Every structure is written in structure tokens, then in C-alpha cells.
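Here are my notes on this model, point by point. Please read them with the coordinates open.

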Amino acid sequence: MEKLKSSITNMVLVLVGVAFITGSILAYVNHVTETPIALQKEKALADGIQSVMGGGNIVVAQIDTVRQNDEKGKELTYVIYQAQDSQKKDLGTAVESTVSAFGGDLKVLVGFNHQGDILGYTILEHAETPGLGAKADKWFQKEGKGNVIGKNPQKALTVKKDGGEIDAITASTITSRAFLLAVNNAYKAYMTTPVDGESGASKKGKGGKK
């Protein structure tokens, strides 16, 4: 059998073939893993809503999308979940808020009662240094040093280094600022959903888009 002669044409054909095979494998793997990843995210969100609203049998009665511009004029999108118990009693609102942190996007889910007090929070996604995201998920909880539970962000929550009252994560002021910005932004989005005076349930606010 004659040995294949080395030429630019042959090299290009080989590279194209390898690229095609590699691309096909990656597309297949992506297709296979796409559904499990989506289901995992849905479960994490459902568990998160239950957690930030105080636990129990939580039902999402309504989902709204609110778009607001930040201080730099960038449009940000918030997803608002109106939460009820099994008896259809309104419990408050969970707001999904995303900001840019040190390593990338930081997505936080924050639960508010009718007065705007923080009931709970959880970190849905982050691109921070390994371990730092997990630390942020505990640092600002009721038992943490930077506790925000029960606080009302009517006056923006800030770290002590910026004149506020919240203890920043040790050696991670940037991430702490990003987290509190996400919480403050979530509160502003929450405030666009007026409260129904008769039932106490939140309604779709101005600028909200279903």
C-alpha cells in the first residue's frame, strides 16, 4: 500500500476531519446533558424559593419579569415569584437578581415579606473563586457574621468599609459588595409589585412583563 504523501491539502483534509468528528462528539454530549442540567437548575430554583420563603409547602402563584436600568444605565432583568402556602395565603415574594461580581455573574434569590424585610436568600449561580460562593451562601445568613436576614433594604445595605453596617466576607470585599448590590437591586424590583390592599397579595408592578 502506497504511503499517503504529505501535502498541505492532505493536512487540511485531516484537520477538517478531526474538527468535524470533535464537533459532532461535543454536540452529542451537549444534547445528552442539556436536559439533566435544565432539570437540575429547575430543582435548585424550586428548592431555593422554598428556602428563602421560610420553608413549608410553597406554591408559586405568579411569575413576573421586571426590567430596570442600573446606575450606569445598563438594563437588568429580574424574575419575581409570588409565593403562597397550600391554603393560597400570600407569603411574600422571591426575587432572582443577577449582578457582575469579581469572577463573573452572581445570581442571588432573595425572599421578602410584605414589609420588604428579608426572609432569606440563597446563591443560585456564581463564578467566584472555588469555595467563595459557598462562603457567601452562609456568611450573610442569620447565623453568619454579615447577617442580612430581617433587614429592610429601603436604605441600601452596604459593607462597613463603605460606611454601612454589614461585615464583609474576610478578604472578599468585592464579592460582598456584589452580593449586597444584588440584594438591594432585588428589593427595588420587589417594590415595583404593589400590594393588593384586600388580599395582601402582590400584583404585577409597573414595568413588569409577564
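1. Main core. The largest nonpolar core has 32 residues, and Val148 and Phe179 have the most contacts inside it. A nonpolar core here is a set of buried Ala, Val, Leu, Ile, Met, Phe, Trp, Tyr and Cys residues joined through side-chain atoms within 4.5 Å. Buried means under 20% relative accessible area, exposed over 50%, and partly exposed in between, with a 1.4 Å probe and protein chains only. Elements giving two or more residues to this core are β2, β3, β4 (105-112), β5 (118-125), α2 (132-139) and α3 (173-190). The largest share, nine residues, comes from α3. In general, nonpolar side chains tend to be buried together in soluble globular proteins.

2. Phe179 and a second core. Leaving out residues up to four places away in sequence, Phe179 touches Leu106, Val108, Tyr121, Ile123, Phe140 and Val148. Contact means heavy atoms within 4.5 Å. A second, separate core has ten residues, among them Val52, Met53, Val79 and Leu109.

3. Basis and confidence. This is a predicted model; local features need pLDDT of at least 70, side-chain atom pairs count only at pLDDT 80 or more, and totals for chains, interfaces and linings use all residues. Residues are numbered from 1 along each chain as its sequence is written, and side-chain values use heavy atoms, with hydrogens and water left out. The pLDDT is the predictor's confidence in each residue, from 0 to 100. Its mean for the protein is 80, and 74% of the residues reach 70 or more. Over residues 196-210 the pLDDT is below 50, yet this stretch has 36 contacts in the model beyond near neighbours in sequence. Where pLDDT is low, the predicted coordinates should not be read in detail.

4. Layout. The protein has three helices and six strands. From the N terminus, the order is α-β-β-β-β-β-α-α-β. Helices (H or I, at least four residues) and strands (E, at least two) are DSSP runs, numbered from the N terminus. Of the 210 residues, 36% count as buried.

5. Strand β2 and its partners. Eight of the ten residues of β2 (residues 75-84) are buried. β2 pairs with β1 (residues 59-69) in the antiparallel sense, over ten bridges. Six bridges join β2 to β3 (residues 90-100), also antiparallel. Two strands count as paired if DSSP finds at least two bridges between them. Gln82 has Thr93 in β3 as its bridge partner.

6. Ile80. Buried or exposed? Ile80 is buried, because its relative accessible area is 0%. Ile80 lies in β2 and is the bridge partner of Asp64. Outside four places in sequence, the contacts of Ile80 include Ile63, Val66, Val95, Ala189 and Tyr190. Glu96 is 16 residues from Ile80 in sequence and 6.4 Å away, C-alpha to C-alpha.

7. Positive phi values. The hairpin of β1 and β2 has five residues between the strands, and Gly73 there takes a positive phi near 85°. The hairpin of β2 and β3 also has five residues between its strands. Lys88 lies in that loop and has a positive phi of about 65°, although it is not a glycine. Lys88 counts as exposed because its relative accessible area is 69%. Ala171, in the loop between α2 and α3, is another residue other than glycine with a positive phi, near 65°. Ala171 is exposed at 80% relative accessibility.
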